[in-house]
Amino acid sequence: MKRHALSTRIWHWINVVSLAVLFMSGLNISNAHRRLYWGDWGFEPSMAWFSVPRFPGWATIPGYYSLAVARDWHVLFAWIFAVSLLLFMLTALLNGHFRRDLVTRRREWRPSAIWADIRKHLKFDFDHGEGKFNFLQKASYGIVIFILLPMMIFTGMVMSPGMEVSVPWLGDLFGGRQSARSLHFICAWLLFAFFLIHIVLVLLSGPIGQLRDMITGGRIDEKA
């Protein structure tokens, strides 16, 4: 039996490319107006809660400042990102991936169990026990899949002029267009932090085997 289903592997790699393009084109868009606000509107420096640094060309798509081109890249891959996430969620529900691998049990939420899992990670002990993932993995994947990724989609929709007219209540849900923009920025950097931690843990737990399993599927009886 495969450790990773084909649908999971396809979504994983599509998601990697989509998020990379979205993040880098988003940095280019951020260079157009680097101040963040709360509420429905904002422009003056005194109203901003944070001023974003200007990002260099090597970190952006395209590699030069162009708001129009960056938006084209962003919108294109936003559709790829959103549709692939929806298909992955539906497939994971149907094939039992969510229920089998990502749902946490009540006993896992005991403080002693959480602390034991943290201690194992600090000792670079990544034994998953009975399931495919340990508690910290399931909790972090759950936050990313069910909170951060959907937040990126819905806050991005609020910033779209078309959605602002057709679905005005969505902006109110996030406290205004500028609040949605700030939340979009925060979620993007939380995803970037998750990506860095994920890469570090993959390197520490056997990168060759991890990459092989995410490409070929691996076998469920193999240690990752």
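**View 1. Proline 62 sits in the loop between strand S2 (50-51) and helix H2.** Helices here are DSSP runs of H or I with at least four residues, strands are E runs of at least two, and both are numbered from the N terminus. This is a predicted model, where local features need pLDDT of at least 70 and side-chain atom pairs count only at pLDDT 80 or more, while totals for chains, interfaces and linings use all residues. Residues are numbered from 1 along each chain as its sequence is written, and side-chain values use heavy atoms, leaving out hydrogens and water. Why does proline 62 count as buried? Because its relative accessibility is 10%, and buried means under 20% relative accessible area, exposed over 50% and partly exposed in between (1.4 Å probe, protein chains only). From proline 62 to serine 140 it's 78 residues in sequence and 31 Å in space, C-alpha to C-alpha.

**View 2. Phe98, Ile145 and Leu149 touch the most other members of the largest nonpolar core, which has 30 residues.** Helices H1 (6-30), H2 (67-94), H3, H5 (135-159) and H8 (177-204) each give two or more residues to this core. A nonpolar core is a set of buried Ala, Val, Leu, Ile, Met, Phe, Trp, Tyr and Cys residues joined through side-chain atoms within 4.5 Å.

**View 3. Arginine 99 belongs to helix H3 (residues 97-102).** With a relative accessible area of 57%, arginine 99 is exposed.

View 4. From the N terminus on, the elements go α-β-β-α-α-α-α-α-α-α-α. Buried residues make up 37% of the 224 residues.
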